Amino acid sequence: MTLLRPMLALLLAAMLAACSATNMGRMEVDEDGETITKVYSSNSLLSSRISVQDLKQKTVGDLLYIQATLENDWKFELDFQYKFKWFDKDGFEQAPEGQPWRQVVMAGRSQNSVQAVAPNPSAVRFEIWVRE
Amino acid sequence: MLRLLSLLLLGSALALSGCASKVDYGDAQARETVNTDFGSTDLQMIAAKMVDDMMVFPPIVQMTQNRRPVVFVDRIKNKTTEHVDTESITDTIQSKLINSGKFRFVDMSVVDRVRQQLEYQSDSGMVDQSTAAAMGRQIGAELMMYGNFSSIVKRDGSTKDVYYKFTLKLLNIQTGIIEWTNEKEIRKTRSKSLFGL
């Protein structure tokens with residue numbers, strides 16, 4: 001009898017933990033002559049562990065070609081997904097359903113570069129979204 | 001005794017409510033890992049990589065700088081042991097390429113239906129000839145898109161490892177030269193373990 005109550009409480013906690021929604025973190029890069037990296041996140045754990053070390057961009061033909069170097073600041077392996085979102089000069093998202101979430105597994109304290117090409121020439125700004 | 005019973009009832013009600021099956025819409029771009037067969041995420045990854053790579057390859061960039069080359073899609077040979085709709089992969093690739101504004105496509109699968117429509121417009125006598133589409137004015141394709149899709153499946157006890165390789169080629173039909181080619185490799189593993197460790 002004395003064991004039943006804490007066991008039920010544990011069971012309830014376990015069931016409710018499975019209900020937690022996947023949180024998204026977002027890194028935004030602004031184009032105003034210089035690149036600024038900001039991290040927006042509702043998942044503070046993920047955003048505190050990932051940082052953008054380096055950002056390279058070039059124009060190939062008339063398409064924007066981005067390479068971002070992500071760093072895992074945590075000492076353990078980090079498993080997350082990322083996606084590039086592209087916006088034109090009026091702020092409209094280009095090809096909103098065009099790209100899948102790409103999986104990446106980063107070893108502790110490692111760097112990984114991710115690349116993406118804009119879907120069409122009118123994309124001038126991009127955002128990198130991450131989620132668990 | 002009554003408290004215990006009510007507590008048990010509450011607990012079982014909570015647990016059993018999870019037994020009802022539920023249908024809901026999911027995210028079409030989310031990662032799908034139902035099993036190791038060819039899935040939606042594989043299709044999306046392949047199309048994304050092929051298109052991204054084609055559009056930054058320097059000779060293709062040069063070719064598409066001032067004009068939009070015309071391509072026709074041949075077929076992707078499915079050399080895997082699964083049933084894979086490879087036309088669905090080329091449809092996605094074609095859609096992304098047309099929407100990038102860099103390429104134009106001709107469709108070989110509707111040739112007969114288009115001919116029927118053209119004959120109707122020119123021969124049936126029912127269509128105003130000043131608005132009818134003229135026969136013999138279609139633009140010829142200059143590039144052919146085709147490829148292979150193969151897999152290597154290995155099983156050992158509780159581990160199953162599937163390796164997919166998708167190869168896409170762009171061939172200039174006049175010169176016979178493959179102008180661009182690239183591959184996408186995907187590995188999916190299924191492992192069973194005790195206690196989910």
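How many bridges pair β5(A) with strand β6 (residues 93–94) of chain A, and in which sense? There are two bridges, and the pairing is antiparallel. Two strands count as paired here if DSSP finds at least two bridges between them. Helices (H or I, at least four residues) and strands (E, at least two) are themselves DSSP runs, numbered from the N terminus.

Before going on, some ground rules. This is a predicted model, in which local features need pLDDT of at least 70 and side-chain atom pairs count only at pLDDT 80 or more, while totals for chains, interfaces and linings use all residues. Residues are numbered from 1 along each chain as its sequence is written, and chains are lettered from A and ligands numbered from 1 in the order in which they are written.

**Chain A at a glance**

Chain A has two helices and nine strands. Read from the N terminus, its elements go α-β-β-α-β-β-β-β-β-β-β. Chain A has 132 residues, and 20% of them count as buried. Buried means that 20 or more other C-beta atoms lie within 10 Å of a residue's own; with 12 or fewer the residue is exposed, and in between it is partly exposed, with C-beta atoms placed from the backbone. As for contacts in chain A with a separation of 6 or more, 61% of them link residues 24 or more positions apart. A contact means that the C-beta atoms of two residues, placed from the backbone, lie within 7 Å.

**Who pairs with β5(A)?**

Back to β5(A), which covers residues 78–88.

| Strands | Sense | Bridges |
|---|---|---|
| β5(A) and β6(A) | antiparallel | two bridges |
| β5(A) and β7(A) | antiparallel | five bridges |
| β5(A) and β9(A) | antiparallel | eight bridges |
| β3(A) and β4(A) | antiparallel | ten bridges |

A:Phe80, meanwhile, faces A:Val104 in β7(A). The hairpin of β5(A) and β6(A) has four residues between the strands, and A:Gly91 there takes a positive phi near 90°.

A:Ala95 has one of about 50° and sits in the loop between β6 and β7 of chain A. Is A:Ala95 buried or partly exposed? It is partly exposed, because 16 other C-beta atoms lie within 10 Å. A:Arg109 also has a positive phi of about 50°, this time in the loop between β7 and β8 of chain A. A:Arg109 counts as exposed because it has 12 C-beta neighbours inside 10 Å.

Now for the open sheet of three strands, which go in the order β3-β4-β8 (chain A) with antiparallel pairing. At its edges are β3 (50–60) and β8 (111–117) of chain A, each pairing on one side only. From one strand to the next, the twist averages 15°. Helix α2 (residues 40–56) of chain B packs on this sheet, touching β3, β4 and β8 of chain A, and its direction makes about 75° with that of β8(A). Angles like this run from 0 to 180 degrees between N-to-C directions, and axes are lines fitted to C-alpha atoms, for helices over the stretch in contact.

Within the sheet, A:Lys56 has A:Gln67 of β4(A) as its bridge partner, and A:Ser51 has A:Glu71. The hairpin of β3(A) and β4(A) has two residues between the strands, with A:Gly61 in the turn showing a positive phi of about 70°.

**Where the chains meet**

The contact between the chains takes 20 residues from chain A and 21 residues from chain B. On the chain A side, α1 (4–17), β4 and β8 give two or more residues each. The most come from α1(A), with three residues.

**Two helices in chain B**

α2(B) also meets helix α4 (residues 86–100) of chain B: their axes come within 9 Å and cross at roughly 40°. That angle is why α2(B) is oblique to α4(B); under 35 degrees counts as roughly parallel, over 145 as roughly antiparallel, 65 to 115 as roughly perpendicular and the rest as oblique. Among the residues making the contact are B:Leu43 and B:Ile46 of α2(B) and B:Ile89 and B:Lys96 of α4(B).
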